[in-house]
Amino acid sequence: MFRSGLFATLIGTAFGLTTPLHAQSSVYIPAVLELSGAGAVSGTNFRDGMLLAIDEINAKGGILGRKIDAPLLDTQSDAGISRAQVQKVLDNNPYVILGPVFSGSVLVDMALTQQAEIPEIVGGEAAAITQKNDPYVFRTSFGQQFSMPKIANYIRDGVKAKSVAVIWVNNDFGKGGRDTFVKEMAARNIKVVADVSTESGQADFSADVVKINAANADAIFVYLNEEESARFLREAKKQGVKAPLIGETTLLGQKVIDLAQGAAEGVRGHVGLTVDAPIPAVQDFAERFKKRYNYVCDHNGIKGYTAVYIIKHVTEKIGKFDSRLFAQTLHGITITPDDEPGVLMEVTFDANGDLDRQSFLGEVVNGKQKIVEILPKLGK
Amino acid sequence: MASFIQLLISGLATGAIYALIAVGFTLLWQTSQTINFAQGEFVMLPAFFVLAAMNWGAPFWLAALIGIAAALVVLGLLFKLIVVDPMLRYGVLPLVISTIALSLLLKESVKDFYSAQAQAFPPLVPDADVHLFGAVVSTQSLVVLGVAIATVAALHLWLNKTRTGRSMQATAQNPALARILGIPVQRMVLYTFLVNAVLVAIASILISPIYLAKFTNGETLGTAAFIAAIIGGFNQVRGAILGGIILGVLDNLSAAYLSSQYRGAFPLLILIAVILCRPQGLLGRVEERTV
């Protein structure tokens, strides 16, 4: 019985009958993303960047001769649905999973991928994601524990502020950023004189701006989602806020600048990924993205694009499709644009799945984001 | 004091929008026992009609008229004919579920056919600031407040001073008796849906310059207006107006003077208190039902 079963398996394997169809000619890398609901802007940007990279790679023969098969699964911007979708794709034995972007979704998904020993390359930025000793989760942008020290240094050395007000969005992304920022402020003896939480999707910021104005801080740190950032900026301008407004990528993006209709002028901050970066490879990518999709990509588009090329590079380095070996190899690796042009900028992964790369200080000038300084990798 | 005035005027402007939407809730409930859980999406959609018309080259004033006309057809006439009429005979619950499905359809359709990204929406008047007792109030907030008050006043006059308006009220109070009196009840019900469509279109044009036009806008607006209608009284138009104003002002004042972290909880606390102490709402009337 055993011998006949073994014989059948050997025969089946020889003819490729026991492996799923996608495993023969393609590699299964599903993407679990926020394609509808409140996170659709982030999710669709990530998706479009990702698909651009996949089409480029597949057009050149794929990875190790296999085309990328990347079905899209919608989390509906809901952590519970995201977990169910990840469970669903795990049943089909994926090589790597891409997404989600929302930190809250990543935090509930990652236990599943860790248990299945499948690497998950995510768009989430909450500090907690890489603090759980999960060897299978990897970022596509800075975690807050990497970006906040850069902002804190700028507030101390560039703005020379002694006190700061912070306004943040009350979700996993905002709370994680707020907690890390407050810790960094304490380490630099900068007093947090106002700490204002807001709701995701909030439209009226008059009460919040009244509170922040009353605090009389030397600088205001704004950590909201893009649309809320625009609404906040308009209200801040209306109420005549004088203190410098400092933020992260979500405050200085072109979409925020356009929606704020002049109220973003002079806003400054740290930008981890931007299509305005003075790097030819990034600008070339931005141009191709705009030509294909007819809109300007945000930082999530760069995350999606580079994630696929990171998978390609690491897989070609290890020479086979082995999920565990992939995760082991990605820890501690440095990939330069010379190694793989699709990563756009040199990137280094640490033992926790956090990444380090160059970043930028930006300022809004004449309705455009202007990069005023390139910040080196933290490890340099 | 200046801060208080600032918050009060801003809260009144938001509350006036909630009131417009909540009035639509109560009108539909009174005349056709329809609880429209797509009401928030009804407010979101006309802004995209306007933006689409502007993309085709129409000036803003013409695009706004096109938006209102499209809302009349899609959110008034077609909503009644395609969703409400076939479902109403099966009772309130199937209709409620249908409107929930409709809200998802509208939201995701706008995302797929227009954009997932928020869109800037032109204001009715150029953005400028007005100084009132030390507070800085935007002209937009004042225009929102003014237009909303004028709309509600016009609706009130129409309902009470015209023959059609009184017929609509009669239909709402007792459809059987209204029919005996020769009132074309079905036509009056249709008028109610059309009035609701105009109200949500006006609310959409007023609020989109502040909220920005986005496919998810309806979630917040629909919930807030529903709560406002229950607080004020689901069967009274003036109750819905009061509920909207209370909610808008309370949201701002509680965020500034109590806790911004728990601002979302205060309307719900008031809702619970009203349900416990005065279930018919602050200005609502008790309805008896034979079981």
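This is a predicted model: local features need pLDDT of at least 70, side-chain atom pairs count only at pLDDT 80 or more; totals for chains, interfaces and linings use all residues.
**Exercise 1. Pick Ala19(B) and list what it touches, skipping residues up to four places away in sequence.**

Solution. Take the partners in sequence order. You get Ala148(B) and Val152(B), then Ala228(B), and finally Ala240(B), Ile241(B), Gly244(B) and Ile245(B).

**Exercise 2. Work out how helix 5 and helix 8 of chain B run relative to each other: parallel or antiparallel?**

Solution. Step one is the geometry. Helix 5 of chain B (residues 139–161) packs against helix 8 of chain B at an angle of about 170°, and their axes are 10 Å apart. Step two is the cut-off: angles over 145 degrees count as roughly antiparallel. The two helices of chain B are therefore roughly antiparallel to each other.

Step three is who meets whom. From helix 5 of chain B come Gln140(B), Val144(B), Val147(B), Ala148(B) and Thr151(B). Facing them in helix 8 of chain B are Ile202(B), Leu206(B), Pro209(B) and Ile210(B). Sort this contact by class and you find seven nonpolar residues, two polar ones and no charged ones.

**Exercise 3. Describe how the two domains of chain A meet.**

Solution. First, the distance: the centres of domain 1 and domain 2 of chain A, taken over C-alpha atoms, are 29 Å apart. Then the contact: domain 1 of chain A puts in 13 residues and domain 2 of chain A puts in 15 residues. On the domain 1 side, helix 5 of chain A (residues 103–116) gives the most, with three residues. That side has eight nonpolar, three polar and two charged residues.

**Exercise 4. Which helix of chain A gives the largest share of the side that touches chain B?**

Solution. Begin with the totals: 27 residues from chain A and 27 residues from chain B take part in the contact. Several elements of chain A supply at least two residues each, among them helix 3 (40–59), strand 9 (191–198) and helix 8 (206–215). The largest share, five residues, belongs to helix 8 of chain A.

Methods:
Residues are numbered from 1 along each chain as its sequence is written. Chains are lettered from A and ligands numbered from 1 in the order in which they are written. Two residues are in contact if their C-beta atoms, placed from the backbone, lie within 7 Å. Helices (H or I, at least four residues) and strands (E, at least two) are DSSP runs, numbered from the N terminus. Axes are lines fitted to C-alpha atoms, for helices over the stretch in contact, and angles run from 0 to 180 degrees between N-to-C directions. Angles under 35 degrees count as roughly parallel, over 145 as roughly antiparallel, 65 to 115 as roughly perpendicular and the rest as oblique. Ala, Val, Leu, Ile, Met, Phe, Trp, Tyr, Cys and Pro count as nonpolar, Asp, Glu, Lys and Arg as charged, and the others, Gly among them, as polar. Domain bounds come from an automatic or database domain assignment.
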